[in-house]
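Welcome! Please have a look at the two chains shown here, and keep the picture open while you read.

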Amino acid sequence: MTETPEAQAPPGRLPIVTPVRVVAAICLLAPFVATLWVSSYAKTGPELGGVPFFYWYQLLWVPISAALTITAYLLMRREDRQRKGLKGGEGQ
Amino acid sequence: MKDGVNTPALVIFILFFAAVTVMGFLAARWRKADNALHLDEWGLGGRSFGTWITWFLLGGDLYTAYTFVAVPAVLYGAGAAGFFAVPYTIIAYPLVFMFLPRLWSVSHRHGYVTPADFVRGRYGSKGLSLAVALTGILATMPYIALQLVGIQAVLDVLGVGGGNSTNWFVKDLPLFIAFAVLAAYTYSSGLRAPALIAFVKDTLIYLVIIVAAIYIPMRLGGYGHIFDAAGQKFATINPATHKPIGSLISGPQAQWGYATLALGSAMALFMYPHSVTGVLASKSRDTVRRNTAILPAYSLMLGFLALLGFMAIAAGVGKGVTGFNAQLAVPQLFEDMFPDWFTGVAFAAIGIGALVPAAIMSIAAANLFTRNVYKDFIKPDATPEQETKVSKLVSLVVKVGALIFVLGMDKQFAINLQLLGGIWILQTFVSIVGGLFTRWFHRWALLAGWAAGMIYGTWKAYGIAAPTTKHFGGSSAEIPVIGQIGYIGLTAFVLNLVVAVVLTLVLRAAKAPEGTDETAADDYTAEAGESGVAEEKPLVAPAG
């Protein structure tokens, strides 16, 4: 997907790709790999309290995914404040 | 099914129903604004909801009564295939984390009420915006109808309405009453009514699922026994097809279908107009982002809810009954397992679980009609007061339409159309989400891509037969090139994207007029209270 120059322009002086954003992106992408790669977990064992692996593995990913999304949220919020701070310094 | 009416359960059910009806009407006074006649008030609750109200509202909106009945019904009937709802709701939130805050910001700055408003503003194309709006209305209508199916399932098991009563009016009277009440308070209170009722709905649902997930396995001899019983059922060979009737673990030939259905549904979830309405009603960009982090609590609940389908198997629900309606499996399980009074609470949860999404869906469909058909094509100079008036009336029409649909036509038809609706709504993804990040796509190319996806998806789904229906019997078919069975909606989306990209290249080379973009880059990251958001809104909104 090609982006227009205006969509690329960040609202501050930080570059578009920062280490924080990369970590946040990994947090957000991990659940996709974990849940869409079905053959990696489509099996009965090991069971957990009588529940086949297929079911408890997917249920376990609900809290993991939530924790990862919260991490991404906190990282992005911190960086957004940083960006806004930079912008406020030059503009308003 | 027990004989006759389950009186204690029915009394509790009616009490809850009466309580939320009162709440629905009182909601009009809740957080009331000065200018009650603006569409932002009736249609978006004044764009004022904070983190927790939004959480309850979206939870009440996305996890509908039909979900509660249909998801466990698939697990009950076919096993693992139905569990796709869990990965679907797991990946939905990281996915929308990436684009919903941008949609909120640009909508807030420009006073957009619907996703089609954004498309018109971004691409300067009323045609594309109309396509998005009509797709939204078409996909939402059968969804509202299915909420009625959810209520019907509960009423059936309670022993009132439905069944074999000869008089059609007596048979459907309870459903009429429920819907008349819903229509009345949605009309008078707008989005505030479902927002307030969602508190009751979600609390009841959590309570019922937690109790069910602990109490029912205790009575049935534990989760191990439940999965054993389900495994045995699915190993049974179907005499007609000579294949097992289901599978406890997704088999190799079903895994593409499982993953594509999860991904496609996750992408479609926030394309539905009612989801967008819930998002735009929140008061800040941060509220939206925070909600994508706390909404997964509902996914956990959905997972346990899905497993109720297996519990119904272990409890022997519908065993030996020929042609048992799988949709009744969970309501019947509740009635068999719970004491009568708690059955009433559980059924109230499902019943109210139908009212909240039905109200929001009808509001969202009405807003689409008002903003993107009425104002854009019929009466461009409509005042906000007139917009609100039209929206309120259309919300009534939409609900009556859904009621006629369910009563007059085969229920199976509503289910088929809802599956088709999912395929359709996914075709608006390129225009909406693409537009949130880039203006590279050409508006005509997007329209052509949308048309290609709609036609391909409808044609493919038309060709699918199921035991109960000749056409539109499912939503999975062979993916061209890859050769695996996958979700039609996602295949159509890929086709849609390819057409949009290729035609954009062609149209750009031909220098076709691009239309004006009324949005600016920093509109997409704006937060409430920043310059150009709250202050400018009254000026921008009437110009629309």
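What follows is a short tour of this structure, from whole chains down to single residues.

## Before we start

This is a predicted model, in which local features need pLDDT of at least 70 and side-chain atom pairs count only at pLDDT 80 or more, while totals for chains, interfaces and linings use all residues. Residues are numbered from 1 along each chain as its sequence is written, and chains are lettered from A and ligands numbered from 1 in the order in which they are written.

## The two chains

Let us begin with chain A. It has 3 helices and 0 strands, where helices (H or I, at least four residues) and strands (E, at least two) are DSSP runs, numbered from the N terminus. Read along the sequence, the pattern of chain A is α-α-α. Of its 92 residues, 25% count as buried. A residue is called buried if 20 or more other C-beta atoms lie within 10 Å of its own, exposed if 12 or fewer, and partly exposed in between, with C-beta atoms placed from the backbone.

Chain B has 22 helices and 2 strands. Its radius of gyration is 23 Å, close to the 24 Å that the globule rule gives for 544 residues, so chain B is as compact as a globular protein of that length. (The radius of gyration is taken over C-alpha atoms, and the globule rule is 2.2 Å times the number of residues to the power 0.38.) The C-alpha trace of chain B spans about 65 × 55 × 40 Å along its principal axes, and 59% of the 544 residues count as buried.

Two residues are in contact if their C-beta atoms, placed from the backbone, lie within 7 Å. Looking at contacts with a separation of 6 or more, residues 24 or more positions apart account for 82% in chain B and for 66% in chain A.

## Where the chains touch

How many residues does the contact take from chain B and from chain A? Chain B gives 38 residues and chain A gives 34 residues. On the side of chain B that touches chain A, the elements that give two or more residues are helix 5 (85–110), helix 10 (222–235), helix 11 (255–269), helix 13 (285–294) and helix 14 (296–314). Helix 5 of chain B gives the most, with 8 residues.

By class, this side of chain B has 25 nonpolar, 9 polar and 4 charged residues. Here Ala, Val, Leu, Ile, Met, Phe, Trp, Tyr, Cys and Pro count as nonpolar, Asp, Glu, Lys and Arg as charged, and the others, Gly among them, as polar.

## Two helix pairs in chain B

Two packed helices are described by the angle between their axes and the distance between the axes. The axes of helix 5 and helix 14 of chain B come within 9 Å and cross at roughly 175°. That makes helix 5 of chain B roughly antiparallel to helix 14 of chain B. Axes are lines fitted to C-alpha atoms, for helices over the stretch in contact, and angles run from 0 to 180 degrees between N-to-C directions; angles under 35 degrees count as roughly parallel, over 145 as roughly antiparallel, 65 to 115 as roughly perpendicular and the rest as oblique. In this pair, residues of helix 5 including B:Ala85 and B:Tyr93 meet residues of helix 14, among them B:Pro296 and B:Ala306. The contact has 7 nonpolar, 3 polar and no charged residues.

Helix 3 (residues 51–62) and helix 9 (residues 192–220) of chain B pack at an angle of about 75°, with their axes 8 Å apart. Helix 3 and helix 9 of chain B are therefore roughly perpendicular to each other. Their contact divides into 7 nonpolar, 2 polar and 2 charged residues.

## The nonpolar core

A nonpolar core is a set of buried Ala, Val, Leu, Ile, Met, Phe, Trp, Tyr and Cys residues joined through C-beta atoms within 7 Å. Which residues touch the most other members of the largest nonpolar core? Of its 211 residues, they are B:Ala306, B:Met311, B:Ala312, B:Leu333 and B:Ile352. Helix 16 (residues 340–378) of chain B gives the most to this core, with 20 residues.

## Two residues with a positive phi

B:Arg47 has a positive phi of about 50° although it is not a glycine. B:Arg47 lies in the loop between helix 2 (39–44) and helix 3 of chain B, and it is buried, with 23 other C-beta atoms within 10 Å.

B:Lys511 has a positive phi of about 55° and is not a glycine either. B:Lys511 sits in the loop between helix 21 (488–509) and helix 22 (537–543) of chain B. With 7 C-beta neighbours inside 10 Å, B:Lys511 counts as exposed.
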